[in-house]
2 protein chains.
Amino acid sequence: MQKTQEELKANILSALAHPNRVRILEFLKNGVKCNCEIAPKLDLEQSNLSRHMKILVQQGIVISWKDGLRVNYKIADERVFKILDLAAAIAKRSIETQAGVLEEV
Amino acid sequence: MQKTQEELKANILSALAHPNRVRILEFLKNGVKCNCEIAPKLDLEQSNLSRHMKILVQQGIVISWKDGLRVNYKIADERVFKILDLAAAIAKRSIETQAGVLEEV
DNA sequence: TGACTATATGAGCAATTACTCATATAGTGT
DNA sequence: ACACTATATGAGTAATTGCTCATATAGTCA
């Protein structure tokens, strides 16, 4: 079934919209990594990490390939970092203008 | 409690990561709108739309103010459109390189 | 072959999300 | 006051998400 443009965008954004996946992507800024390096570094359960990586690969944000026992990952599209930077900027402004904070209590 | 940078980014992205909220934002590109204009245009239930708008306002993506009975909305931070464009570009590439499609069946 | 390492995945669970219906709240205009 | 309009929210529900534990799969090396 055909997906709408809005669904396609929402799917990419959903894949990015988790703190651990944000951390994973930022860690992959350092270059190619395998699960066995990411998991201890970010303190994530092996099976949990495996599922996060699957989401990132399925959305074409990350590329993976086998290297012996390991599966290596690298960023497929550097534009994700622009998205993360913009999200940070929006969050920053939102906090500064108190817009998002009033609900907090 | 203090939120991490990763949580802040993920929260902004979560607010954007829904097809209907993407549609709402794109509709708000046309200028200031109230619920009563958005709901029929996008064919959304009144209560459902109200909750989507709350999410966008809470994250500081949209600003709202009362005008008599109505509540008006406008984009608070135009950078959301950059995010949406980047997400579309990533989705496009992902589809073209078949990276994301192989799982589909 | 067997022991070991790295990753994937089934099952179960708690929490969250998106939605709808019904109702409450708030402002308008008679 | 009353009827009316616009929005918000409580309650209930189905689907999804993120997590963990246990197990399966796949590759390495003695």
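**Chain B against chain A: questions and answers**

Reader: In this predicted model, what area is buried between chain B and chain A?

Author: The model is predicted, not experimental in origin. Carbon and sulfur atoms give 70% of the area buried between the two chains. The total between chain B and chain A is about 3500 Å².

Reader: How many residues does the contact take from chain B, and how many from chain A?

Author: Contact here means heavy atoms within 4.5 Å. By that cut-off, chain A gives 42 residues. Chain B gives 42 residues.

Reader: How many salt bridges are there between chain B and chain A, and which side chains meet in one of them?

Author: The count between the chains is 4 salt bridges. A salt bridge needs nitrogen and oxygen within 4 Å. One pair has N to O at 2.5 Å. Its side chains are those of E26(B) and K9(A).

Reader: Which element gives the most to the side of chain B that touches chain A?

Author: Across the interface there are also 6 residue pairs in polar contact. On chain B, the elements giving two or more residues to the side that touches chain A are α1 (5-16), α2 (19-28), α4 (46-58) and α5 (79-96). The one that gives the most supplies 14 residues, and that is α5(B).

Reader: By class, what does the side of chain B that touches chain A have?

Author: Polar residues number 8. Charged residues number 12. The nonpolar count is 22.

Reader: Which residues have the most contacts inside the largest nonpolar core?

Author: Nonpolar side chains tend to be buried together in soluble globular proteins. Here the largest nonpolar core has 61 residues. The residues with the most contacts inside the core are I61(A), I61(B) and V62(B).

Reader: Is D43(A) buried or exposed?

Author: D43(A) sits in the loop between α3 (35-42) and α4 (46-58) of chain A. Its phi is near 55 degrees, positive in a residue other than glycine. Exposed means over 50% relative accessible area. D43(A) has 69% relative accessibility, so D43(A) counts as exposed.

Reader: What is phi of D43(B) near?

Author: D43(B) lies in the loop between α3 (35-42) and α4 of chain B. At 69% relative accessibility, D43(B) counts as exposed. D43(B) is not glycine, yet phi is positive, near 55 degrees.

Terms used
Residues numbered from 1 in each chain as written. Chains lettered and ligands numbered in written order. Predicted model: local features only at pLDDT ≥ 70, side-chain atom pairs only at ≥ 80, totals over all residues. Heavy atoms only, no water. Core = buried A, V, L, I, M, F, W, Y, C linked by side-chain atoms within 4.5 Å. Buried < 20%, exposed > 50% of the residue type's maximum accessible area, 1.4 Å probe, protein only. Buried area = accessible area lost by both parts, 1.4 Å probe. Polar contact = N/O pair within 3.5 Å; in protein donor to acceptor, adjacent residues only side chain to side chain. Helix = DSSP H or I, 4+ residues; strand = E, 2+ residues; numbered from the N terminus. Nonpolar A, V, L, I, M, F, W, Y, C, P; charged D, E, K, R; others polar.
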